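Here is my note on the model you sent.

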Amino acid sequence: MDFGYFLYRIDHPEQRIHASWTLLAFAPVPLDPTALTDSATTTAIEDMTTWAAAHLAEHHRDYDLVNICLASVDENGDPEYVLAERYHVMLDGSPLETGTTVDLRHRAVVALGAA
């Protein structure tokens with residue numbers, strides 16, 4: 001199972017489906033799917049915001065809502081099991097409002113039967 005960082009522009013906020021959003025960036029993240037509660041996963045979650053900041057610096061539209069997540073990658077290259085996510089409101093390429101990172105590992109651990 002592969003994992004990665006996803007950065008999406010949310011074109012239609014009323015649609016909470018990744019398939020209806022615009023993918024701005026992706027990067028693979030090496031994680032052990034049988035050890036999602038370990039320190040490597042915690043570090044990957046902590047590093048997610050730094051990774052996104054580099055890509056958001058290239059983003060210069062007037063006003064956008066973006067989603068950053070760390071997730072498993074399904075067979076179509078889309079997020080499947082989200083381990084963590086964060087939302088940003090962007091104005092002229094700078095974060096106007098940032099949310100907190102939400103750790104959702106417990107859902108993936110249950111779904112995958114991992115520890």
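1. Two strands count as paired if DSSP finds at least two bridges between them. Strands here are DSSP runs of E, at least two residues long, numbered from the N terminus. Keep in mind that this is a predicted model.

2. Start with strand 3 and strand 4. Strand 4 covers residues 79–91 and pairs with strand 3 in the antiparallel sense. The pairing runs over ten bridges. C69 has its bridge partner in strand 4, namely E85.

3. Next, the turn. Strand 3 and strand 4 form a hairpin, with five residues between them. G77 sits in that turn and has a positive phi of about 85°.

4. Strand 3 has another partner. Strand 1 pairs with strand 3, also in the antiparallel sense. Seven bridges make up this pairing. Y5 stands opposite L70 of strand 3.

5. How enclosed is strand 3? Eight of its eleven residues are buried, so strand 3 is largely enclosed by the rest of the structure. The cut-off for buried is under 20% relative accessible area.

6. N67 is found in strand 3, which spans residues 63–73. Is N67 buried or exposed? The relative accessible area of N67 is 0%, so N67 counts as buried.

7. Which side chains make polar contacts with the side chain of N67? One is the side chain of E85, at 3.0 Å. Another is the side chain of Y87, at 3.4 Å.

8. Now the loop. D11 lies between strand 1 (3–9) and strand 2 (22–29). D11 has a relative accessible area of 31%, so D11 is partly exposed. The range for that class lies between the buried limit of 20% and the exposed limit of 50%.

9. What does D11 touch, leaving aside residues up to four places away in sequence? The contacts are S20, W21 and T22. D11 and W21 are ten residues apart in sequence. Their C-alpha atoms are 5.7 Å apart in space.

10. Last, the surface. Y63, L91 and L96 make a nonpolar surface patch. The patch area is about 320 Å². L96 lies in strand 5, residues 94–98.

Technical notes
Residues numbered from 1 in each chain as written. Predicted model: local features only at pLDDT ≥ 70, side-chain atom pairs only at ≥ 80, totals over all residues. Heavy atoms only, no water. Helix = DSSP H or I, 4+ residues; strand = E, 2+ residues; numbered from the N terminus. Buried < 20%, exposed > 50% of the residue type's maximum accessible area, 1.4 Å probe, protein only. Polar contact = N/O pair within 3.5 Å; in protein donor to acceptor, adjacent residues only side chain to side chain. Contact = heavy atoms within 4.5 Å. Patch = residues over 30% accessible without salt bridge, like charges linked within 9 Å, V, L, I, M, F, W, Y side chains within 5 Å. Areas by Shrake-Rupley, 256 points an atom, 1.4 Å probe, with all protein chains shown as cover. Salt bridge = Lys/Arg side-chain N within 4 Å of Asp/Glu carboxyl O.
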